[in-house]
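Me: I am new to reading protein models. Could you take me through this one, feature by feature?

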Amino acid sequence: GDASILASQGSVVLGVRRVGAAAWLPAIAGVPGHHADRSGKPRHALLEMVVMARPTTKGGITFLHEDVLRSWLPEGAAVELVPLHRVDDFHIDDGS
């Protein structure tokens, strides 16, 4: 993966796994970068991701439900991220 993808801002496809685990799970992430939070502070070195790992009946994948995700990756657990592809710019959700 190309770590420079996470150095700026954007929408990113990545792989994620618990440290020491063998299997990688696909995820999508919003990397806000210089975009400010509600208090006006930039969000460099932060991202928010959705882990895509539950198979669908049509052969695709969808997100993990929160209870399953918390069981697989408890709060505070160490993870490894591999950025795979920058899809687009980071778009702010204005609630509309």
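Reply: Start with the largest pocket. This is a predicted model. Helix 1 gives the most to the lining of that pocket, with three residues.

Me: Which elements give two or more residues to the lining of the largest pocket?

Reply: Begin with the pocket itself. Its volume is about 280 Å³. Its lining counts 13 residues, and the closest to the centre are Met-49, Leu-69, Leu-73, Pro-74 and Glu-75. Strand 5 (48-55), helix 1 (66-72) and strand 7 (79-88) each give two or more residues to the lining.

Me: How far apart are the C-alpha atoms of Val-68 and Arg-54?

Reply: Their separation is 10.0 Å, and the two residues are 14 residues apart along the chain.

Me: Arg-54 brings up strand pairing. What does Arg-54 stand opposite in strand 6?

Reply: Arg-54 stands opposite Thr-62 in strand 6. Strand 5 and strand 6 (residues 61-63) are antiparallel, with three bridges between them. They form a hairpin with five residues between the strands, where Gly-59 takes a positive phi near 90 degrees.

Me: How many bridges join strand 2 to strand 5?

Reply: Four, and these strands also run antiparallel.

Me: Now strand 1. In which sense does it pair with strand 2?

Reply: Antiparallel again. Seven bridges link strand 1 (residues 10-18) to strand 2 (residues 25-31). Val-13 faces Ile-28 of strand 2. The two strands form a hairpin, with six residues between them. In its turn, Gly-20 has a positive phi of about 90 degrees.

Me: Where do side chains point along a strand?

Reply: In a regular strand they alternate between the two faces of the sheet. Keep that idea in mind as you look at the core.

Me: Which residues make up the largest nonpolar core?

Reply: There are 10 in all: Val-12, Leu-14, Val-16, Ala-27, Ala-29, Val-31, Val-51, Leu-64, Trp-72 and Leu-73. Strand 1 and strand 2 are the elements that give two or more residues to this core.

Me: Is Arg-17 buried or exposed?

Reply: Check its accessibility against the cut-off. Buried means under 20%. Arg-17 has 17% relative accessibility, so Arg-17 counts as buried. This residue belongs to strand 1.

Me: Which residues is Arg-17 in contact with, leaving aside neighbours within four places in sequence?

Reply: Arg-17 is in contact with Ala-22, Ala-23, Trp-24, Trp-72, Ala-78, Val-79 and Glu-80. Look for a polar approach too. A polar atom of the Arg-17 side chain lies 3.2 Å from the backbone oxygen of Ala-21.

Me: Step back to the whole chain. How many helices and strands are there?

Reply: One helix and seven strands. Along the sequence, the pattern is β-β-β-β-β-β-α-β.

Me: What share of the chain is buried?

Reply: Buried residues make up 24% of the 96 residues.

Me: And what share of contacts joins residues 24 or more positions apart?

Reply: Count the contacts with a separation of 6 or more. Residues 24 or more positions apart account for 54% of them.

Methods. Residues are numbered from 1 along each chain as its sequence is written. This is a predicted model: local features need pLDDT of at least 70, side-chain atom pairs count only at pLDDT 80 or more; totals for chains, interfaces and linings use all residues. Side-chain values use heavy atoms; hydrogens and water are left out. Two strands pair if DSSP finds at least two bridges between them. Buried means under 20% relative accessible area, exposed over 50%, partly exposed in between (1.4 Å probe, protein chains only). A polar contact is a pair of N or O atoms within 3.5 Å; within protein, one must be able to donate a hydrogen and the other to accept it, and residues adjacent in sequence count only if both atoms are side-chain atoms. Contact means heavy atoms within 4.5 Å. A nonpolar core is a set of buried Ala, Val, Leu, Ile, Met, Phe, Trp, Tyr and Cys residues joined through side-chain atoms within 4.5 Å. On a 1 Å grid over the protein atoms alone, a cavity is a set of points where a 1.4 Å probe fits but cannot get out, and a pocket is an open set with protein on both sides within 12 Å along at least five of seven lines; lining residues have an atom within 4 Å of a point. Grid points are joined across faces, edges and corners, and a volume is the space filled by probe spheres set on the points.
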